[in-house]
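Biologist: Take me to one position in this model and look at it closely. I want its surroundings, then its place in the whole chain.

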Amino acid sequence: MSEQKELGQLRTAVALLRITLGIILLVTWYDNLRGGLYTAEGLTGFFNWLFDSENGNGSGLLFYQSFLESFIVPIAGPFAALQMAAEFLIGLGLLIGLFTRFFGLMAMFFFVNLFFSYFGGHEWIWTYVLLFVSALTITIGAAGRRWGIDSRLLKSRGKAKIPLLW
């Protein structure tokens, strides 16, 4: 097999990973939207469940719980709206391959936060490690250059002046 063909197969595989991760994020976003997570009450209720050891997840990172309670809960309404927009844009950006490296980095940050949120609880946290590594692969592989808008931007504008875009 030629090196060019192998590179093409690799780009296709990374593009499929990007599209899949975009779909996962958008489906999760929609479920969260329908479930009321993106409100002050929804977000605060989620945090309460997250750290409840008897009736919730029972997460155990006290420094992270303190951070959320001290900095995020007081601005839960605006933060929930920001989270709603960010999750949607990350999912859409990955799905259509627009600014894939930037949205891949944002996804990595998001998954690290989910890892910290669920750590020590009842949920299998390695899901977030797999999602993080998928986002890392997408970012490093410039996955929007196959079946994405980034490929059109590269052809029409050349390399991005800000390398995190396309």
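Modeller: Asn57 is buried, at a relative accessible area of 3%; buried means under 20%, with exposed over 50% and partly exposed in between (1.4 Å probe, protein chains only). This is a predicted model, where local features need pLDDT of at least 70, side-chain atom pairs count only at pLDDT 80 or more, and totals for chains, interfaces and linings use all residues. Numbering starts from 1 along each chain as its sequence is written, and side-chain values use heavy atoms, without hydrogens or water.

Start with the location. Asn57 sits in a loop. That loop joins helix H2 (40-51) to helix H3 (62-72); helices are DSSP runs (H or I, at least four residues), numbered from the N terminus.

Now the side chain. A polar atom of the Asn57 side chain lies 3.1 Å from the backbone nitrogen of Glu123.

Glu123 is also one of the contacts of Asn57 (heavy atoms within 4.5 Å). Set aside neighbours within four places in sequence, and the list for Asn57 also holds Trp49, Leu50 and Asp52. Further along the chain come Ser117, Tyr118, Gly121 and His122.

Step back to the whole chain. Of its 166 residues, 37% are buried, and Asn57 is one of the buried residues. The chain has 7 helices and 0 strands. Among contacts between residues at least 6 apart in sequence, 70% join residues at least 24 apart. Along the principal axes, the C-alpha atoms fill a box of roughly 55 × 30 × 25 Å.

Methods:
Helix = DSSP H or I, 4+ residues; strand = E, 2+ residues; numbered from the N terminus. Polar contact = N/O pair within 3.5 Å; in protein donor to acceptor, adjacent residues only side chain to side chain.
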